[in-house]
Amino acid sequence: MIDSLPIEKYFARHLKIKHLRLLVELADKQTVAQVAASLHVSQPAVSKMLGEMEEGIGVKLFERAGRGIKPTPSGECLIKHAREVLFNLQKAHQEMRSLATGTVGKVTIGILSVVSTTIVPKAVKILKTNWPNVTIRIMDGTVDQQLQDLREGKLDIVIGRVFSERAAEHLQEEVLYDDPLVIVTSSKNPLAHRDNLTWKDLNNLPWILSVEESPTYKRMVNLLAKNGVNKPTDVIESVSRSVNLPLLMEPPRLGLLSLSAARQSVAEGVLQILPLNLGPLPSPVGMIWNKTRPLSHAALTFQDCIRQASLTYKNMLIS
């Protein structure tokens, strides 16, 4: 059993940033020789510092593993928190440097297709009008990849459809507005003008859907099966709206669009919304961030810009 008193004394009086860096280096390289070379110190100096830490804390942090070393469970615990501390210090350094040079900082966001032509451009315009020196980096990708990037600190915020069943304890969600999904097809498709259209009329037709791993794909396939429609075999998996729209104009292909995007295409006379109820399929649009990693001032500022842009867009959808 670990005595908490030595740990408290050691953390309060002796634990320094150099110890945290040493832990992370040892975890990543797993040989004293490589760590010594990386830190430009001798191997005995690395061993001495690690020994002093283990003695001060009262537990072994690493153990032998072949020709190298590996963390013990206690070591894994401390290494995890060491990475967090070093990450936050680096963020603080970046913000302080930005303030010293007259800029406000940098924010990296991940976007999903539903917001790529709507609230994100509006939010960026608000940001750049009021804080022109903030650098914003915009990345796209699948839901799974972007949530993983959030966990690893590669993204500050993800904006798109939120799926609560995918939210982990370290992720925070904020719903912004509802922009339901609808089924669309070319205005030249005879289905678009059929009276009393039923789900079974969709049998054996080609589709454009999100990638198979996505919640939207799985929910849509389940919804089709529930309504007696065979699982589509002619499928294009795509999250690119710029690619999907021209393909949807070729009958009889079907696809899903947000109501706002569908209305625009209907107004242009190229697509038609099919009058079928998707029930609970659509998920609201929102933003997600990692609550275990403090957001920078630039990221918090951009969150406010997203909220402003969303309010305007929400009112437009209602009208």
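Lys154 and Glu152 form a salt bridge in this predicted model, their closest N and O atoms lying 3.1 Å apart. Lys154 is exposed, with a relative accessible area of 53%, while Glu152, at 38%, counts as partly exposed.

The structure holds 10 salt bridges. Another of them pairs Glu54 with Lys60, where the closest N and O atoms are 3.5 Å apart. The two ends of this pair fall into separate classes of accessibility. Glu54 has a relative accessibility of 11% and therefore counts as buried, because the limit for that class is under 20%. Lys60 has 53% and so counts as exposed, the limit there being over 50%.

Glu84 and Arg293 also meet through their side chains in a salt bridge, at 3.8 Å from N to O. This pair links distant parts of the chain, since the two residues are 209 residues apart. Glu84 sits in helix α5, which covers residues 73-100, and Arg293 lies in the loop between β12 (285-290) and α11 (297-318). Glu84 is partly exposed at 22% relative accessibility, whereas Arg293 is buried at 14%.

Helix α10 spans residues 259-267. Its buried residues include Leu259, Ser260, Ala261, Ala262 and Ser265. An α-helix has 3.6 residues a turn, so residues three or four places apart point the same way. Just after α10, Gly269 takes a positive phi of about 80°.

Now consider the whole chain. There are 11 helices and 12 strands. The radius of gyration is 26 Å, well over the 20 Å that the globule rule gives for 319 residues, so the chain is more spread out than a compact globule. Along the principal axes, the C-alpha atoms fill a box of roughly 80 × 50 × 35 Å.

How much of the chain do buried residues make up? They account for 44% of the 319 residues. Of the contacts between residues at least 6 apart in sequence, 75% join residues at least 24 apart. The accessible surface comes to about 17200 Å², and carbon and sulfur atoms hold 53% of this area.

Conventions:
Residues are numbered from 1 along each chain as its sequence is written. This is a predicted model: local features need pLDDT of at least 70, side-chain atom pairs count only at pLDDT 80 or more; totals for chains, interfaces and linings use all residues. Side-chain values use heavy atoms; hydrogens and water are left out. A salt bridge is a side-chain nitrogen of Lys or Arg within 4 Å of a carboxyl oxygen of Asp or Glu. Buried means under 20% relative accessible area, exposed over 50%, partly exposed in between (1.4 Å probe, protein chains only). Helices (H or I, at least four residues) and strands (E, at least two) are DSSP runs, numbered from the N terminus. The radius of gyration is taken over C-alpha atoms; the globule rule is 2.2 Å times the number of residues to the power 0.38. Contact means heavy atoms within 4.5 Å. Accessible areas come from the Shrake-Rupley method with a 1.4 Å probe; for residues, only the protein chains shown count as cover.
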